[in-house]
Amino acid sequence: QAPLVESGGGLVQPGGSLRLSCSASGSPFTPYSMAWFRQAPGKDREFVAAIRWADNNVFYGNSVKGRFTMSRDKAKNAVYLYLNSLEPEDTAVYYCAGNSRLRPIASTIKLRETYDYWGQGTQVTVSS
């Protein structure tokens with residue numbers, strides 16, 4: 001399991017944009033899937049987006065669909081999350097996660113328990 005390092009969080013005004021990055025060290029890097037989750041104060045960790053490594057298929061949580069985009073760069077062992085049209089409700093710590101154990105299907109790729117290694121998180125604050 002490659003250590004994961006997130007970056008790119010910060011303070012942004014409503015309607016603004018950010019790009020989060022998640023990099024993995026080690027080679028080869030061949031997870032079954034990679035995902036972004038987020039956790040706001042006092043709330044459960046919420047699924048944001050995931051990418052299935054074998055076919056580059058991307059899945060999104062309902063609250064971010066149409067506003068966020070997840071992509072990968074296999075050559076850099078990295079995944080990205082583009083956050084657009086940000087709202088105060090998007091304020092949270094965003095976590096990158098990797099799945100090295102289970103070939104995911106649509107119903108499992110969104111589950112927290114599918115992922116066995118996590119980054120330290122990066123704070124995103126949306127406020128005027």
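**A tour of the salt bridges**

Begin by selecting E46 and R38, which form a salt bridge whose closest N and O atoms are 2.8 Å apart; the term stands for a side-chain nitrogen of Lys or Arg within 4 Å of a carboxyl oxygen of Asp or Glu. The model is a predicted one, in which local features need pLDDT of at least 70, side-chain atom pairs count only at pLDDT 80 or more, and totals for chains, interfaces and linings use all residues. Residues are numbered from 1 along each chain as its sequence is written, and side-chain values use heavy atoms, with hydrogens and water left out.

Colour this pair by accessibility, and E46 comes out as partly exposed at a relative accessible area of 31%, whereas R38 is buried at 6% (buried is under 20% relative accessible area, exposed over 50%, and partly exposed in between, with a 1.4 Å probe and protein chains only).

Next, select D90 and R67, where a salt bridge brings the closest N and O atoms to 2.8 Å. D90 sits in the loop between β8 (78-83) and β9 (92-99) and R67 in the loop between β6 (57-60) and β7 (68-73), so the pair ties together parts that are 23 residues apart in sequence (strands are DSSP runs of E, at least two residues, numbered from the N terminus). D90 is buried at 1%, and R67 is buried at 12%. Now show R38, E46, R67 and D90 together, as salt bridges that share partners join them into one network.

Finally, move to R52 and D55, whose side chains meet in a salt bridge at 2.9 Å, N to O; R52 is buried at 17%, while D55 is partly exposed at 43%. The salt-bridge count comes to four.

Note on methods
Helix = DSSP H or I, 4+ residues; strand = E, 2+ residues; numbered from the N terminus.
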